[in-house]
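Here are my notes on the model you sent over. Have the structure open while you read, and check the points in any order you like.

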Amino acid sequence: MSSTTPFLPSTLPLLPLPPPQVLYPDLRVTLPLKPSHLAVVLSSIAENAQNQKIEDGARLVGVVPVAESERRIGRWACAARVRSISKSKDEDTYNITLEGLARIRLPRSLPPVLSILPPTPLSTSTFSLPLTDHASGPIPDLLPIANRLLPPQLHSRTEAIPPTVLPDLLVTVLGVEWEARVELLGLPDPGDRIRRVREILLAILASKGIDPPPDTSLKPLVPTNPTSTALIRRPATAQPSTPSKSQTPEDLQPLETLRDRRAAELSRPARTAIDRELARLAKIPQQSAEYGVAKTYVEWLLALPWKRVTTLDTEVDLEQARKRLEDDHEGLEKVKRRVVEYLAVYRLKKQLYLEQLQKRKQISMPTNKGDGRAALEPSTADDLLELIPPDGRKAAEQAGDAPSVEGEIPPDGVFRDKGPILLLVGPPGVGKTSIARSLAASMGRKFHRISLGGVRDEAEIRGHRRTYVGALPGLLVQGLRKVGVSNPLILLDELDKVGTSNFHGDPSAALLETLDPAQNWTFHDHYLGDVPLDLSQVTFVATANTTDTISPPLLDRCEVIECSGYVMDEKVRIATRFLVPKQVKENGLTTDMVRIGEEAVFKVVTDYTREAGVRSLEREIGKLCRTKAVEYSSARDKGQLSGYQPEISVADVERILGVARFDQEVREEVHRPGVMTGLAYRGSGTGGILLIETTLVPGGKGRLVLTGSLGDVIKESAELGLTWVKAHAVQLGIASHAHEDPLKDVDLHLHLPSGAVKKDGPSAGVGMVLAMVSLLTGRTVPSTLAVTGEVTLRGAVTAVGGIKEKVLGAHRAGITKVILPKRNFKDVQADLPQSTRTQMSFAYVGTIEEALEEVWGRDVWTVKGGARVEARL
């Protein structure tokens, strides 16, 4: 033995290590143990330390590889120390991390079966150390062969690994069969180990069809121990599973070259499928239809990014993100604030993940304590361990991580953001897609948009099976091929227009797996077959115009962010900052050739557009620019540029765009009894005032007549209002006693003007009650007062929506006071601009009685002298 061998006692307790793990010196394994088994192990270690009079803190043990039946394999083991003990995610299991120290040989008298049987202590045995610790004879260099199997970025790192450690590390990370790794444990001579690993690596090169280094023969060396019971089952080199390039048809050689170049980026299932299909293609005639199908399949597998990610996805700068959002978008303050919050959380989680990953690297790798043993560079070992296939990942020594079955949890080593799926909901043209583009730019991700409008077939999401003629992968796989990375930002546009369940399948159900972070790391496309695709690194953002048509399970996976329409002032600023310069440039002009003032823009916004977004506004501005382009071209041709006027005035707007399409809403100066000003939300992101007119028709029978293209909900509000007024007729002075009908011999006609426009919604109840009370009592309502809110049968005023749009529309119409439900107070404070809140007054009511007193005071309650009496129903 050399002087670098650590001190070991004369006996060690023997700990069985089941497959697929094998412990070598300088490496580590993590073994899960039940609490009872852990107690037996620790007590056996302590008892042996006491008998041998060594320090109990050393915690030394002999790790023996055993088969599934707990039968030991051979007489070789590895002396190890217990580095750490931690509790796993499973509450009933502990992880014990062992660090290999030296190879040891056990005596022949050792029992063939080793197991942990509480409360029986572990078997304790003597051992012997190998006589040789240096290479005998010439040692072949493993680096040229290993570099053929390792990615190029690791070639320089492998040179830093000591030659005595490199063979053990290579067979561990390359997923060599367990029997072969047990055999290597019984080769204490470094030269023998290197020559045996060289033989194994050459067999792997032959099985993959990769040419060996120029100075290396493909003929494997003779095994050092042909009588060993742990022989490796290696494929015969005379008939490799994948043909060599000399036997490969000429049209398949580019595919093999691409496969070899992208070997480090491909996932293990993808590599297996590509090798299998290339072997089949070498045997199929090129004239066969199956040949074209299989070749196209291989081309698709080689075209996908797999482990390739964008290099810009490093750090998110919140200040730059805020500035980009402010520069690119006007308004939408809530949306921009939520996007910045999303970016902040994303950056924080990624930073914490990287810090935790760095700590795991430092903990999991052996350290040089001065005993002369080689220590591995943490970054080198971490990069090499990434090469382990999923089914052999448990063989990697990662401290603190319990072994798991493939398919239960995603593979570690890659940051996966499990944040919510942002769903931007709003009318067309409000900037939902541009918000997603800004988010992608702030995250340093590539952007791809998938339009789901009109998708009726599940195969458009999951792809077609290759048995169909002209089969293609789904939209997600096609998108990943187009962007070329596995971590883009994908925008699922028009999510509310995805087809529902039919005989073609349910596309919305197919999206459930896509948007679920717990499932999409093994997304299965029908075209790719048994090759799963990792979508967990993709950031998904969705847009929709409404949530009514989105299935509840799909909506549950999303965080809804409302993108309401722009108000008039915001539209004017958007047109001035973005739309006018854009249209001037697109129509071949410059800012010196055409100038549109704010007054002209405001004229276009108010009289020629009525929408939530700005698309129609952009088209109208484009008409103005095209007209000016014609005028400028004519003046230039005639040589009369001095007479050309670049300014577009309000009069020019009317001349170019014609008669105004929409009239500005202006309140009436005087109201007669029976007329009330209500507030309406027009569904396009705009709001305004809505007159409620009532009158009495003589010769009637007490009926309620409703006109004005009213929907069922608003009709019910009118009936509720009339019922409440009749029930309180005595208190209001409309009837002299409780049994008198206030509508005797008359009908009450309620009308909402603009009969060609459909009207519906639960927000006109309070206004209708006030209009009826005004009509029946002869009191007028101030024309500068407007009201909104729904009323119940008990007289309670409930909250309504669209407060921002309604109040801003009322402000433009000249309304100075608005009566709102109490529960809408938060909407006024959160959504309305400060200037609007300052110029208008708001009254908040919780009952219809409070609304009546807010309009006419307490004098509204008159019963033969003015005493207020509660109604009795």
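Is Arg703 buried, partly exposed or exposed? Keep that in mind for point 2, which answers it. First, the ground rules: this is a predicted model, in which local features need pLDDT of at least 70 and side-chain atom pairs count only at pLDDT 80 or more, while totals for chains, interfaces and linings use all residues. Residues are numbered from 1 along each chain as its sequence is written, and side-chain values use heavy atoms, with hydrogens and water left out.

1. Salt bridges overall. The whole structure has 38 salt bridges (a side-chain nitrogen of Lys or Arg within 4 Å of a carboxyl oxygen of Asp or Glu). Below I pick out a few of them.

2. Arg703 with Asp747. These side chains form a salt bridge, 3.1 Å from N to O. Arg703 sits in the loop between strand E15 (687-698) and strand E16 (704-707) and Asp747 in strand E17, so the pair ties together parts that are 44 residues apart in sequence. (Helices, H or I with at least four residues, and strands, E with at least two, are DSSP runs numbered from the N terminus.) To settle the opening question: Arg703 is exposed, at 52% relative accessibility, whereas Asp747 is buried at 6%. Buried means under 20% relative accessible area, exposed over 50%, and partly exposed in between (1.4 Å probe, protein chains only). The areas come from the Shrake-Rupley method.

3. Glu99 with Arg83. Here the closest N and O atoms of the salt bridge are 3.2 Å apart. Glu99 is in strand E5 (residues 94-105) and Arg83 in strand E4 (residues 76-87), 16 residues apart, so the pair links distant parts of the chain. Glu99 is buried, with 1% relative accessibility, and Arg83 is partly exposed at 29%.

4. Glu277 with Arg276. The closest N and O atoms of this salt bridge are 3.7 Å apart. Glu277 counts as buried at 5% relative accessibility, and Arg276 as partly exposed at 34%. Through shared partners, salt bridges join Arg276, Glu277, Arg280 and Glu290 into one network.

5. Helix H23. What does the length check say? At 1.5 Å a residue, the 13 residues of H23 should span 18 Å, and its end C-alpha atoms are 18 Å apart, which agrees; the expected span is 1.5 Å times one less than the number of residues. H23 has 12 of its 13 residues buried, so the rest of the structure largely encloses it. Among the buried ones are Gly765, Met768 and Leu776. Gly778 follows H23 and has a positive phi, near 80°.

6. Backbone spots to look at. Most residues other than glycine have a negative phi, and most peptide bonds are trans. Trp306 has a positive phi near 55°; this residue is in the loop between helix H9 (289-303) and helix H10 (318-328) and is buried at 9%. Asp745 also has a positive phi, about 65°, but is exposed, with a relative accessible area of 51%. A cis peptide bond joins Pro19 and Pro20, with omega about 10°, and another joins Pro118 and Pro119, with omega about 0°. Pro20 lies in the loop between strand E1 (11-17) and strand E2 (28-33).
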